[in-house]
Amino acid sequence: MVNITADNKLKRLIVVGDRVLIKPKDPSDRTVSGLYLPPTVQEREQVQSGYVIKVGPGYPIPNPVDDEPWKETEEKVKYMPLQAQEGDLALYLQRSAIELQYEGDQYVIVPQSSILMLERSEDLE
């Protein structure tokens, strides 16, 4: 589990839209039967797992069109939040992940639609 705190160095990062920042778990370098896998095979695995570090605000919801143009309109954008939350363990599709390195650590950014499953440590209601 990745320790996420308020004084985390990643608090300066802002994830936009429906994107999720994930810290990948170290892939196993062995198969179940004990064979060692070379790094090129590990990178080609389609499904990877990692911990959700930050999430974007979600999908923007369009403002309703008002038929009264003289009214003051508030241009505040509303979002539909994502299902992923910080601290979740996510299984995601590697092919849509964008890899990046930030302050010496490896991360991936994936769209919400590429996340196949989330495991949350707290009980779901």
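Which side chain meets that of Asp88 in a salt bridge? It is the side chain of Arg120, with an N to O distance of 2.8 Å. The structure holds 3 salt bridges, a salt bridge being a side-chain nitrogen of Lys or Arg within 4 Å of a carboxyl oxygen of Asp or Glu. This is a predicted model, in which local features need pLDDT of at least 70 and side-chain atom pairs count only at pLDDT 80 or more, while totals for chains, interfaces and linings use all residues. Residues are numbered from 1 along each chain as its sequence is written, and side-chain values use heavy atoms, with hydrogens and water left out.

**Asp88 and Arg120**

- The salt bridge between Asp88 and Arg120 links distant parts of the chain, 32 residues apart.
- Asp88 lies in the loop between strand S4 (78-80) and strand S5 (89-93), and Arg120 in the segment after strand S8 (115-119); strands (E, at least two residues) are DSSP runs, numbered from the N terminus.
- Asp88 is buried at 2% relative accessibility, whereas Arg120 is partly exposed at 21%; buried means under 20% relative accessible area, exposed over 50%, and partly exposed in between (1.4 Å probe, protein chains only).

**Glu103 and Arg12**

- The side chains of Glu103 and Arg12 form a salt bridge at 2.7 Å, N to O.
- Glu103 is partly exposed, at 45% relative accessibility, and Arg12 is exposed, at 56%.

**Asp18 and Arg19**

- Asp18 and Arg19 pair through their side chains in a salt bridge of 2.9 Å, N to O.
- Asp18 counts as buried, with a relative accessible area of 17%, while Arg19 is partly exposed at 34%.

**Nonpolar cores**

- The largest nonpolar core has 11 residues, including Val20, Ile22, Tyr92, Val108, Val110 and Ile115; such a core is a set of buried Ala, Val, Leu, Ile, Met, Phe, Trp, Tyr and Cys residues joined through side-chain atoms within 4.5 Å.
- S1, S5 and S7 are the elements that give two or more residues to this core.
- Ile115 touches Val20, Ala84, Ala90, Leu91, Tyr92 and Val110, leaving aside residues up to four places away in sequence; contact means heavy atoms within 4.5 Å.
- A second, separate core has 6 residues, among them Leu10, Leu21, Ile53 and Tyr102.
- In soluble globular proteins, nonpolar side chains tend to be buried together.

Definitions and conventions:
Helices (H or I, at least four residues) and strands (E, at least two) are DSSP runs, numbered from the N terminus.
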